[in-house]
Structure formats: structure tokens, C-alpha cells
Amino acid sequence: MSVEVRVPTLLRPHVGGVATVSSDGATVGDVFHALIGQFPGLAGNLIDDDGQLHKFVNVYRNDDDIRYLEGLDTKVTDGDVLSILPAVAGG
Amino acid sequence: MAAPDAGFADPVLRLSTAYYRTIVAHCYDGLPDEACGLLAGPVDADGHPKGLVSAVYPCVNADASARTYTVESRDLLHAMRDAQSRGEDLIGVWHSHTHSDAYPSDTDVRQALEPSWVYALVSLKHAEPVLRSYRIREGVVAECEVSLTDS
């Protein structure tokens with residue numbers, strides 16, 4: 001399944017400076033692993049050492065937060081848009 | 001405050017008085033908790049803000065806390081889409097300090113992830129609100145001048 005992945009400013013240096021990349025996979029996790037294969041600099045930024053979604057990253061499949069779907073196991077289909085959002089936070 | 005290198009804190013943030021009032025009102029509305037929101041504007045080919053604020057987005061503080069804030073991710077998604085639909089982008093975030101100065105806290109500095117962004121602080125410590133803005137890069141804070149405009 002070919003999906004569009006929107007990359008936040010923070011991570012663009014790891015993907016050649018672009019805002020959007022395309023990748024393939026049946027689930028969000030598949031897509032991210034394919035992306036990391038293509039852009040190794042993303043590795044520690046998307047998925048943590050335990051194989052979970054990094055806690056400072058939120059991911060939406062179209063309009064839905066994948067944490068409330070099936071996390072990295074959330075299925076994707078052709079034409080879906082995955083938006084990677086950094087946690088914007090402070091004190 | 002002196003910038004650590006030339007251009008570090010450029011450009012000047014140009015904010016309309018109407019947007020300024022929107023920001024400050026949202027900060028008071030959020031009391032006793034901290035309030036937060038996002039700034040959008042035009043960016044250059046490298047994604048660096050040109051300095052103009054073309055939209056402000058009051059957001060929910062997902063922490064609902066007087067000590068910390070996290071911009072609700074759905075608000076972030078919608079603001080980003082809105083800005084990008086105009087060929088612009090998000091250029092910064094603002095939040096309130098209810099009882100301290102308009103200067104980034106240690107937590108703010110540690111969690112500032114976007115080197116191109118402007119981090120604006122609104123202090124509600126005194127009777128009159130104080131808004132100041134900063135760039136935060138690798139733990140270094142540099143103030144960024146705010147110019148209030150009529151339009």
C-alpha cells in the first residue's frame with residue numbers, strides 16, 4: 001500500500017529536507033520500518049528501543065490518532081496520509 | 001540579550017495587535033492552568049520563518065496543568081494542515097507562565113525541539129501581561145524581537 005507521510009520540520013533533515021515522503025506497507029509499523037530503511041536517521045526518532053512508537057511523537061492516520069486505533073499495527077490503505085507530529089510541550 | 005551568532009534571533013517576529021489580543025485573551029481564559037497555541041506564517045525555501053505571523057491558533061493544553069503544557073495533538077494536526085494549505089507552515093508556539101516571567105523555563109528549553117521555531121511566552125505574573133519571544137537551539141536561548149503591527 002502506498003501512503004503519503006507528512007514529516008515535521010524537526011525530522012526533515014533526515015529525509016532530504018522535504019515535507020512529504022511516500023512509502024509502502026500494510027501497517028503504520030511497516031511503513032515506518034520501510035522509511036527507516038530508506039532514511040536511517042529517522043531510526044531513533046520514530047520508534048523507541050522497545051519497538052514502540054516514540055513517546056514524543058504522535059501519528060495520525062488521516063484524522064485518527066493511531067494510539068486510539070491499533071498503534072503501530074494500525075492498517076493503512078492506498079492513499080492514506082500519515083502525519084507525524086512532534087510533541088509540542090514545555091513547562 | 002546578545003545573540004550568540006549573527007542572525008540567530010532573526011528575523012523580527014511581526015505580530016498584529018489583533019493576534020496579540022487573541023493570544024493574551026486565550027492565556028487569561030486558560031487560568032488557572034497554562035494556556036498554549038500555535039503560530040503560522042510564510043517560510044523561505046529552507047523552511048525558515050520569514051517573521052510574519054499570518055495566523056494564530058489557540059489550542060487545548062492537553063496537560064490541563066498550571067505547571068506544564070502540551071499542545072493537544074489534534075489541534076496541532078489541524079493548525080499544520082491549515083497553514084500548509086496556504087503554502088505556509090507553523091512557525092512557533094506560545095504558552096503562558098501564570099506566576100513567573102516571560103522567559104523559557106528549564107523544561108521549556110529541554111523540550112524545545114524545533115530550531116526554526118519561535119517560542120513565545122506570555123507572563124501573567126503582573127497586572128499587565130508581558131509577551132516576549134525566543135529561539136531555542138540546543139539549549140541556547142536568544143530573544144527574538146516582537147514588532148506589533150496595526151494590520
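1. Basis. The model is predicted, so local features need pLDDT of at least 70 and side-chain atom pairs count only at pLDDT 80 or more, while totals for chains, interfaces and linings use all residues. Residues are numbered from 1 along each chain as its sequence is written, chains are lettered from A and ligands numbered from 1 in the order in which they are written, and side-chain values use heavy atoms, with hydrogens and water left out.

2. Extent of the interface. Contact (heavy atoms within 4.5 Å) involves 19 residues of chain A and 26 residues of chain B. The two chains bury about 1900 Å² between them, with 52% of it on carbon and sulfur atoms. On the side of chain A, the most area is lost by A:V88, A:A89 and A:G91, which together account for 33% of what that side buries. Buried area here is the accessible area (1.4 Å probe) that two parts lose on being put together, summed over both.

3. Polar contacts and make-up. The rule finds 12 residue pairs in polar contact across the interface, both residues at pLDDT 80 or more. A polar contact is a pair of N or O atoms within 3.5 Å; within protein, one must be able to donate a hydrogen and the other to accept it, and residues adjacent in sequence count only if both atoms are side-chain atoms. On chain A, the elements that give two or more residues to the side touching chain B are β3 (57-61), β4 (64-65), β5 (81-86) and β6 (89-90). Of the elements, β5(A) gives the most, with three residues. The residues of this side divide into eight nonpolar, six polar and five charged. In this division Ala, Val, Leu, Ile, Met, Phe, Trp, Tyr, Cys and Pro count as nonpolar, Asp, Glu, Lys and Arg as charged, and the others, Gly among them, as polar. Helices (H or I, at least four residues) and strands (E, at least two) are DSSP runs, numbered from the N terminus.

4. Strand pairing between chains. β6(A) and strand β4 (residues 69-70) of chain B run antiparallel and are joined by two bridges. Pairing requires that DSSP finds at least two bridges between the strands. A:A89 has B:T70 in β4(B) as its bridge partner, and A:A89 is also among the residues of chain A that lose the most area to chain B.

5. Salt bridges between chains. A salt bridge is a side-chain nitrogen of Lys or Arg within 4 Å of a carboxyl oxygen of Asp or Glu. Over all chains the search finds seven, and the count between chain A and chain B is two. One links A:R12 and B:D89 at 3.3 Å, N to O. In another, the side chains of A:D63 and B:R81 meet at 2.7 Å, N to O. A:D63 lies in the loop between β3 and β4 of chain A and B:R81 in helix α2 (residues 73-85) of chain B, so this pair joins two chains. A:D63 is partly exposed at 38% relative accessibility, as is B:R81 with a relative accessible area of 31%. The cut-offs are under 20% relative accessible area for buried and over 50% for exposed, with partly exposed in between (1.4 Å probe, protein chains only).

6. Network in chain B. B:D82, B:R86 and B:E88 are linked in a network of salt bridges. The closest N and O atoms are 2.7 Å apart for B:R86 and B:D82, and 3.2 Å apart for B:R86 and B:E88. B:R86 is partly exposed at 38% relative accessibility and B:D82 is partly exposed at 32%, whereas B:E88 is buried at 17%.

7. Sheet of chain A. Five strands form an open sheet of mixed pairing in the order β2-β1-β5-β3-β4. β2 (20-24) and β4 of chain A are the edge strands, each pairing on one side only. Strand β1 (residues 2-6) of chain A pairs with β2(A) in the antiparallel sense over five bridges, and A:E4 stands opposite A:S22 in β2(A).

8. Strand β2 (residues 36-41) of chain B runs antiparallel to β3(B), joined by five bridges; B:C36 has B:C59 as its bridge partner. Strand β3 (residues 55-59) of chain B is mostly covered, four of its five residues being buried. B:Y19 lies in helix α1 (residues 17-29) of chain B and is partly exposed, with a relative accessible area of 26%. Leaving aside neighbours within four places in sequence, B:Y19 is in contact with B:V53, B:S54, B:A55 and B:V56.
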